Amino acid sequence: MSKKRPLLIHTYLSYGTDKQLHVNGRALEDKQILFGSNQSIFKTFANIYKQFESNEIPNTTIQLTVSNGATYDTITDMEGYYTFGQQTSGLEQLTNKDGWLAYTSSYMQPPENQTVQNENLFSGAMLIPNKKAKFGIISDIDDTILHTGVSSRFKWRLLINTLFKNFDERIPLEGAADFYQKLLQPTHEGTPINPIFYVSNSPWNLYDYLVRFLQKNKFPKGPVLLRDIWTPFDKTERPKTPHKYNEINRILATYPNLNFVLIGDSGEKDGIYYSEIAKKHPNRILAIYLRSVKNKRRQQKAQQLIQNFDLVPMLLIDNSDEIEAHATSIGIL
């Protein structure tokens, strides 16, 4: 009988309010995936393969503990995912100067004959936006801040970039990180005022990879909201509406008094989702920016969408300087 691997818990950066705890993560066997710098192609491919060939821990109880000692319990689903969505109070006073609430997740009772890494304590963080925030930023990742190739034929560039390029070899879009830092409008002490959220169709399996990319390229810290890959063999119910559309609407519902800037690209359906969200929340979307991808057909579709949409400013842009110039002209910066 083969020896079982130790267990770990992936805690994902999330967001909530003073009265709403919203945290999610995943219970898995530890496959010892190390994202070092200057890795070989073979090591990178092995890491990506391990992330997708994960061994989940279903139907196990996870306990969350915040710094005041309060605890909450929940149970993982068939794929090891869990969510805490409790109503509470007093969370804001537990945050650090940047608005992050620290917590730990633990297994209440690990499966028999399996050990747990990190002494069964896995750190996580939930963002509670600053009360002085003027607006929030919601950004896509692929081909919006990271050269990916989603719009390439058969998505071959996407596959090559994801499978064979380590996070430190991936190329960010020029000027994007600096522009995003400006949108946060930090104080002289560096404390961010405006919150940022990253919403992507990438699977949760790539979470660590994408977070390391954001950190290396100095993108501001924010919740990274990915999706579960649905297959015909899944036992969980397939979502009825698109992930990005759902997540952005949930962010807006969580912060009803906060307006937002939406940033995406013309390679996928960001323009369609964002315009529908603007129609649903006409007074809360300050601007929509779509980065132009090198795909003539999709550029034309984006331009046609923009020509027929005048509810809020929507621009198809080529670089960060263009976004910054427009954001300055309408008083966002």
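# Sheets, helices and loops in a predicted chain

Trainee: How do strand β3 and β6 pair, and over how many bridges?

Mentor: Strand β3 (residues 23–29) pairs with β6 in the antiparallel sense, over four bridges. Two strands count as paired if DSSP finds at least two bridges between them. Strands are DSSP runs of E with at least two residues, helices are runs of H or I with at least four, and both are numbered from the N terminus.

Trainee: What kind of model is this, and how are residues numbered?

Mentor: It is a predicted model, where local features need pLDDT of at least 70, side-chain atom pairs count only at pLDDT 80 or more, and totals for chains, interfaces and linings use all residues. Residues are numbered from 1 along each chain as its sequence is written, and side-chain values use heavy atoms, with hydrogens and water left out.

Trainee: Back to β6. What stands opposite Tyr81 there?

Mentor: Arg26 does.

Trainee: What is the strand order of that sheet?

Mentor: β1-β3-β6, an open sheet of three strands with antiparallel pairing. β1 (7–12) and β6 (81–84) are at the edges with a single partner strand each, so one side of each has no neighbour in the sheet. The twist averages 25° from one strand to the next. Angles here run from 0 to 180 degrees between N-to-C directions; axes are lines fitted to C-alpha atoms, for helices over the stretch in contact.

Trainee: Now the six strands. What order do they take, and is the pairing parallel or antiparallel?

Mentor: The pairing is parallel, in the order β11-β10-β9-β12-β13-β14, and the sheet is open. β11 (224–227) and β14 (314–317) are the edge strands, each pairing on one side only. From one strand to the next, the twist averages 20°.

Trainee: How many bridges join β12 to β13?

Mentor: Six. One partner pair is Phe260 with Ile285 in β13. Helix α6 packs on this sheet and touches β12, β13 and β14. The direction of α6 makes about 175° with that of β13.

Trainee: And β10, how many of its residues are buried?

Mentor: Seven of eight, so to the definition: buried means under 20% relative accessible area, exposed over 50%, and partly exposed in between, with a 1.4 Å probe and protein chains only. β10 pairs in the parallel sense with β9 over three bridges, and Ile138 stands opposite Phe197 in β10. β10 also pairs with β11 in the parallel sense, over three bridges. There, Tyr198 has Val224 in β11 as its bridge partner.

Trainee: Helices next. Which residues of α3 are buried?

Mentor: In helix α3 (residues 176–183) they are Ala176, Ala177, Phe179, Tyr180 and Leu183. Down the axis of α3, these fall within an arc of 160°, so they line one face of the helix. The arc is taken over the directions from the helix axis to the C-beta atoms.

Trainee: What covers them?

Mentor: The cover includes β9 (135–139), β10 (196–203), β12 (259–265), β13 (285–291) and α8 (320–329).

Trainee: How do α5 and α6 cross?

Mentor: The axes of helix α5 (residues 243–254) and helix α6 (residues 270–280) come within 10 Å and cross at roughly 35°. The crossing is right-handed.

Trainee: Is Lys218 buried or exposed?

Mentor: Exposed, with a relative accessible area of 62%. Asn205, in the loop between β10 and α4, counts as buried at 12% relative accessibility. The C-alpha atoms of Asn205 and Ser54 are separated by 8.3 Å, though the two are 151 residues apart along the chain.

Trainee: Last one. How many helices and strands are in the chain?

Mentor: Eight helices and 14 strands. Of its 333 residues, 50% count as buried. Among contacts with a separation of 6 or more, 73% come from residues 24 or more positions apart.

Note on methods. Contact = heavy atoms within 4.5 Å. Left-handed = near helix turned anticlockwise from the far one by under 90°.
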